[in-house]
Amino acid sequence: MDGDGRTAPCDDGALLTIGAFARASRLSPKALRLYDELGLLPPAHVDPHSGYRHYAPAQLERARLVAWLRRLGMPLARIREVCELAPDAAALAVAAYWAQVEADTAARRDLAAFLVDQLERKNTAMTTPHTPLTMRCAALTDQGLVRPAHQDAAHAGPRLLAVADGYGPDGGRAAKAAIEALKGLEDQDLTSADLLGALEEAAHRAHRAPRAHRAGGDHRAAPAAEGTTGCTLTALLRSGTQLALLHVGDSRAYVLRDSGLLQITHDHSLVQSLIDEGRLTPEEAASHPQRAQLLRSLDGATEFAPDLQLVEARPGERYLLCTDGLTGVVPAETIQQVLTAADGPDQAVRELIRLAREAGAPDNVACVVAEMTGA
C-alpha cells in the first residue's frame, strides 16, 4: 500500500509505490507529484486506469539529488538543469550556485550592517553633536562606443547629486529634463525635515512632464507609435549630515564606508524581480533578453512610485550614483577598488568611465562621485 493508501499492482514488483519511493528518497508524496508535473522526476509507470504512480529503484539516485539540492535552496528550474548534466558538469553547476549563494548572503549581510549602522546613527543623532560636513563631488557622462545617441545625464552640485538614464525616441531630453527639475533644489535652504518632501515633489514634476509635453503637441515630440519615452532617476539631496535618497528605475546609488561598498538602491527592473522571486540567477540576468525592461520609471504614463529614504552621512564616506552603462560592464569589486584608491571624486569618475570604455561601453554611461569631509 502506498502513501495514498492505494495498493500497488501485484504484477509490478520491480517498481516502488509512491509511498515506498517517498520513504526511500526522503521526499514526500506531495513533492513527488509536483516534480512529476514539472517534468523533474516523472514516475517510471502510471497505471492507465487508476493513475497510481510507480517508480523504478534506479530513480532513487536522481530523487536523492533533487532532495539535497532543494535543501540547498536551489530553485526547481535550476535543479532540472543540474539533473540533466553529466556528473562533472553537475558538480561545477552546484559549486557555481553555492558561490552565488555565498555572494548574495554577503551582500545581504552588508546591507544588514548598513541598516544597523543607519538606525544606530538615528538613535544617537539627538544626543551627539553633528560633525559639520563639506562635500566634494564630480560628475561625468560618456556616450559609449555603441549607442548612436547619448541619453544619460548627470549633475553634481553643492547640495544635489543626480543621474538619469533616458530611453525611447526622446530619452536624452527626458533625462536632462529630470535633472533640470531637481536643480532648483540647490538654491533652497532646506532643513532635514524638508528634504524628502522637496525631492519627491521635484521628481514628481519631472514624472508628469512627458505627459504634459505630449498633450501640448510639441512638434519635437516623437509619435507614440515610435515608442515610449522616459528615464530613470537616482538622486541625493543634502542638508548638513542628512542625505535624502530618491530612486526610480535601474540606475544605482552606492556608499563606500568602513564595511565596504554597499548598494543602497534596489533595481526596479523585470530581471531583478525575477531574481527576487528565485526564478532567475544574477548570472542569467546579465544576458536575459529583457534585462533592460523597467518596472518603474519617469514617463508620465505609469504610477509615480519612487523609493525614498534618509541616510546619515559621516566624514570619509564616498557616494557613487551611476547608470547601468557602468554597472553592466564594470564589476562591483573593481568599482570599490577605484573609489577606495582615487585621490578625489574627479579622478574617480574619470577612471570609472575609462574602465567602462575598456570593457566595450555598449551603453551610455553616467556617474557621480561625492566625498564627505569634515568642515
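Two strands are taken to pair if DSSP finds at least two bridges between them. By that criterion, strand β10 (residues 252-257) and β11 are paired in this predicted model, since 4 bridges connect them in the antiparallel sense. In general, the strands of a sheet pair through backbone hydrogen bonds, in either a parallel or an antiparallel manner.

The protein as a whole contains 12 helices and 14 strands. Of its 375 residues, 44% count as buried. Among the contacts with a separation of 6 or more, 66% are made by residues 24 or more positions apart.

The pair β10 and β11 belongs to an open sheet of 5 strands, arranged in the order β4-β14-β13-β10-β11 with antiparallel pairing. The edge positions are held by β4 (133-142) and β11 (260-263); each has a single partner strand, so one side of each is left without a neighbour in the sheet. From one strand to the next, the twist averages 20°.

Two helices lie across this sheet. Helix α11 lies across β10, β11, β13 (318-322) and β14, and its direction is at about 120° to β11. Helix α12 lies across β4, β13 and β14, and runs at about 155° to β14.

The axes of helix α11 (residues 332-341) and α12 come within 9 Å and cross at roughly 150°. Angles over 145 degrees count as roughly antiparallel, so α11 is roughly antiparallel to α12. The crossing of the two helices is right-handed. On the α11 side, the contact involves Thr-334, Ile-335, Val-338 and Leu-339, which meet Ala-348, Glu-351, Leu-352 and Leu-355 of α12. Classified by residue type, this contact between α11 and α12 comprises 6 nonpolar, 1 polar and 1 charged residues.

Ala-361 is found in the loop between α12 (345-358) and β14 (365-374). Although Ala-361 is not a glycine, its phi is positive, at about 40°. With a relative accessible area of 0%, Ala-361 is buried.A second open sheet consists of 3 strands in the order β1-β3-β2, and its pairing is antiparallel. Here β1 (16-17) and β2 (45-46) stand at the edges; because each has a single partner strand, one side of each is left without a neighbour in the sheet. Strand β1 is joined to strand β3 (residues 53-55) by 2 bridges, and the two run antiparallel. Within this arrangement, Thr-17 stands opposite His-54 in β3.

Helix α1 makes contacts with two other helices, α3 and α2. The axes of helix α1 (residues 18-25) and helix α3 (residues 60-71) come within 9 Å, with a crossing angle of roughly 60°. This angle makes α1 oblique to α3. The crossing of α1 and α3 is right-handed. Residues Phe-21, Ala-24 and Ser-25 in α1 meet Leu-60, Ala-63, Arg-64 and Ala-67 in α3. By class, the residues in contact between α1 and α3 are 5 nonpolar, 1 polar and 1 charged.

The axes of α1 and α2 likewise come within 9 Å, crossing at roughly 100°. Helices α1 and α2 are therefore roughly perpendicular to each other. Their contact is made by Ile-18, Phe-21 and Ala-22 of α1 together with Pro-29, Leu-32 and Arg-33 of α2. In terms of residue class, the contact of α1 with α2 has 5 nonpolar, no polar and 1 charged residues. Phe-21 takes part in the contact with α3 as well as in the contact with α2.

The loop between α1 and α2 (29-37) contains Arg-26. The phi of Arg-26 is near 65°, a positive value in a residue other than glycine. Arg-26 counts as exposed, at 78% relative accessibility, whereas Ala-361 is buried.

How values were computed: Residues numbered from 1 in each chain as written. Predicted model: local features only at pLDDT ≥ 70, side-chain atom pairs only at ≥ 80, totals over all residues. Heavy atoms only, no water. Axes fitted to C-alpha atoms, helices over the stretch in contact; angles between N-to-C directions. Parallel < 35°, antiparallel > 145°, perpendicular 65-115°, else oblique. Left-handed = near helix turned anticlockwise from the far one by under 90°. Contact = heavy atoms within 4.5 Å. Nonpolar A, V, L, I, M, F, W, Y, C, P; charged D, E, K, R; others polar. Buried < 20%, exposed > 50% of the residue type's maximum accessible area, 1.4 Å probe, protein only.
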